[in-house]
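Please look through the model below with its metal site and its backbone in mind, and keep the sequence at hand while reading.

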Amino acid sequence: MQPAQIEDLRERVRQNVEAVRVTDIHTHLYDPAFGGLLLWGIDDLLVYHYLIAEGFRWFDISYDDFWALSKEQQADLIWNELFIRHSPISEACRGVITTLNALSLDPKKRDLRAIRQWFAGWNVEDYTGHCLELAGVKSLCMTNSPFDETERPVWEQDFRRDRRFQAGLRLDPLLLGWAESGKTLETWGFETQEDLGGKTVSEIRRFLAEWTSRIDPQYLMVSLPPDFRYPDRTIGHRILNEAILEHCREHDLPLALMMGVKRAVNPRLGLAGDGAGRSDLSALASLCERFPQNKFLVTVLARENQQELCVLARKFRNLHVFGCWWFTNVPSIVSEMTRMRLELIGISFTPQHSDARVLDQLIYKWKHSRQVIGGVLADKYAELASAGWLVTDQEVQRDIEALFGGAFRDFKKLSLR
Ligand code: HDL
Ligand code: ZN
């Protein structure tokens, strides 16, 4: 192929990746009906836990004194330390800059007061549409936990859903903290026993059925520590086998496994205190092999696990790989992971989710991801062309639609009979 043809190909890919409307399959955002649970605006952007962790590398304030500050005071501290006294060069800092520029604000003026004034002029309904439009997100999945004391009451009142905000049924306490969550289920009217005796398993399934009917989730989900083992002889292992996986099969819902998080490595940092560890993916191989009619939606936190995850996806069609999760969501690793995935499993995966906790983050997380993923995809198409296969415009569009939501939708529809 001539260099001009390669350039033309790259431009076609860039335009299509820029234009595709994304299905964002994992976020911590909330339907505006959840009120204050939906975070947005400059102060929420600045007190994002990623920036709190980075800020503490410079702060000369104690953890307790920081947490005693108001959100605005915390934001001032972070702005001053990570943007003014030091260049905002980290991915989370650059994200704030990308978002502010996309909103036609000019962070180069370094005028936080003026930026706050601009946000004060918005209401959440209008701003939600504005952010989704700028980010090119057509729908997203929330993280919905029945065990979240602030979220559950909203679901129990019932409310008119904003269909752009799909649900994900989050179950960490059920699987990882049964001693506590079993008691909580009892207060909700489910007959449970700590040793899972009596009607406990069927009551857990009744609980799952009740919440599935209530929130209509795209999938059930749980995050897992690096030392998660399967098979195992724990209570959690039985809840997974006898309740959660049965329920998923009965309702044809994927189980999303987010593997490798070490919770509270530094508890003083709160949400910012979690770390990462290398998982034993033989647990995942056992699950995929033992439950060929269950669908597993999987992302892993350790860079060292990524190639092994792709190899498992080659072995198991009931495994769908997704996202560059959390500490892997930085351009250098997104590029490496996306290239490896395209080379090992073709288009049959979902390269990214935003994991956004603040509405406005959708803008930068998707702008940055489109840039990296689009660049890698163009490289692979150029290599394909050199091998003698020039993709058509229609094929480029088809592949990109798949990568940014279509493959996930097809996986959900996949019949594993
Ligand atoms: O467990 C998870 O879903 C993680 O994404 C955590 O919420 C984490 O705090 C996070 O926001 N990562 O991006
Ligand atoms: Zn998350």
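The paragraphs that follow take up the metal site and then some details of the backbone.

This is a predicted model, in which local features need pLDDT of at least 70 and side-chain atom pairs count only at pLDDT 80 or more, while totals for chains, interfaces and linings use all residues. Residues are numbered from 1 along each chain as its sequence is written, chains are lettered from A and ligands numbered from 1 in the order in which they are written, and side-chain values use heavy atoms, with hydrogens and water left out.

The zinc ion (ligand 2) is held by His-26 through NE2, His-28 through NE2 and Asp-355 through OD, at 2.0 to 2.2 Å; donors here are N, O and S atoms within 2.8 Å of the metal (3.2 Å for Na, K and Ca), and because water is not among the atoms, sites may look incomplete. Along the sequence, these donor residues follow the spacing H-x1-H-x326-D. His-26 is buried, at a relative accessible area of 1%, and His-28 is also buried, at 17%, where buried means under 20% relative accessible area, exposed over 50% and partly exposed in between (1.4 Å probe, protein chains only).

Turning to the backbone, most residues other than glycine have a negative phi, and most peptide bonds are trans. The bond from Tyr-230 to Pro-231, however, is cis, with omega near -5 degrees, and Pro-231 sits in the loop between β4 (217-224) and α13 (235-251); helices (H or I, at least four residues) and strands (E, at least two) are DSSP runs, numbered from the N terminus. Asp-158, which is not a glycine, has a positive phi of about 70 degrees, lies in the loop between α9 (152-157) and β3 (165-170), and is exposed at 62% relative accessibility.
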